[in-house]
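Biologist: Before we look at any contacts, could you show me how to read a helix and an aromatic pair in a model like this one?

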Amino acid sequence: SAAVPVPALNPHAFRLGNAHALLLCLLHRAGNNLFQTPGLGDRLIWLYDIHLLVGAMSGAELDHFRAMVEAKCVGAIALDGLYRCDKLFPSPPLAALIAIRSGTSRRGQAAARMD
């Protein structure tokens with residue numbers, strides 16, 4: 001239901017919505033750092049994608065992202081990736097998302113202290 005049409009590609013083509021795309025980027029980063037070479041998930045181009053996604057998201061999309069993170073219990077993973085991105089590409093939307101995310105759960109606060 002959150003898929004976005006891409007008519008320029010094909011009338012029947014769809015892509016992930018921004019909230020799902022951001023969550024996928026953060027999970028992909030964590031998976032690469034955990035199961036591949038440490039730091040592989042921190043490729044500059046991937047972190048820049050996270051920066052661009054957060055900057056392009058509406059308030060409703062950010063709310064949807066936060067709800068998914070809570071529902072899937074991946075707050076620490078999301079927060080770690082957002083912190084890493086913020087170190088290289090600081091922006092007001094990213095800082096606001098981190099502030100909200102880190103204050104919503106004990107897991108988020110623990111991840112913030114580990115940074």
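Modeller: The buried residues of α3 are L62, F65, R66, M68 and V69, where buried means under 20% relative accessible area, exposed over 50% and partly exposed in between, with a 1.4 Å probe and protein chains only. Helices are DSSP runs of H or I with at least four residues, numbered from the N terminus. This is a predicted model, in which local features need pLDDT of at least 70, side-chain atom pairs count only at pLDDT 80 or more, and totals for chains, interfaces and linings use all residues. Residues are numbered from 1 along each chain as its sequence is written, and side-chain values use heavy atoms, leaving out hydrogens and water.

Biologist: Which residues form an aromatic pair?

Modeller: A pair of aromatic rings is described by the distance of the centres and the angle of the planes. Rings of Phe, Tyr and Trp (its six-membered ring) pair if their centres lie within 6.5 Å, with planes under 30 degrees apart counted as stacked, over 60 as edge-to-face and the rest as tilted. The whole structure has 1 such pair: Y48 and F89 are edge-to-face, 5.0 Å centre to centre with 65° between the planes. Because Y48 lies in helix α2 and F89 in the loop between α4 and α5, the pair ties together parts that are 41 residues apart in sequence.

Conventions: Helix = DSSP H or I, 4+ residues; strand = E, 2+ residues; numbered from the N terminus.
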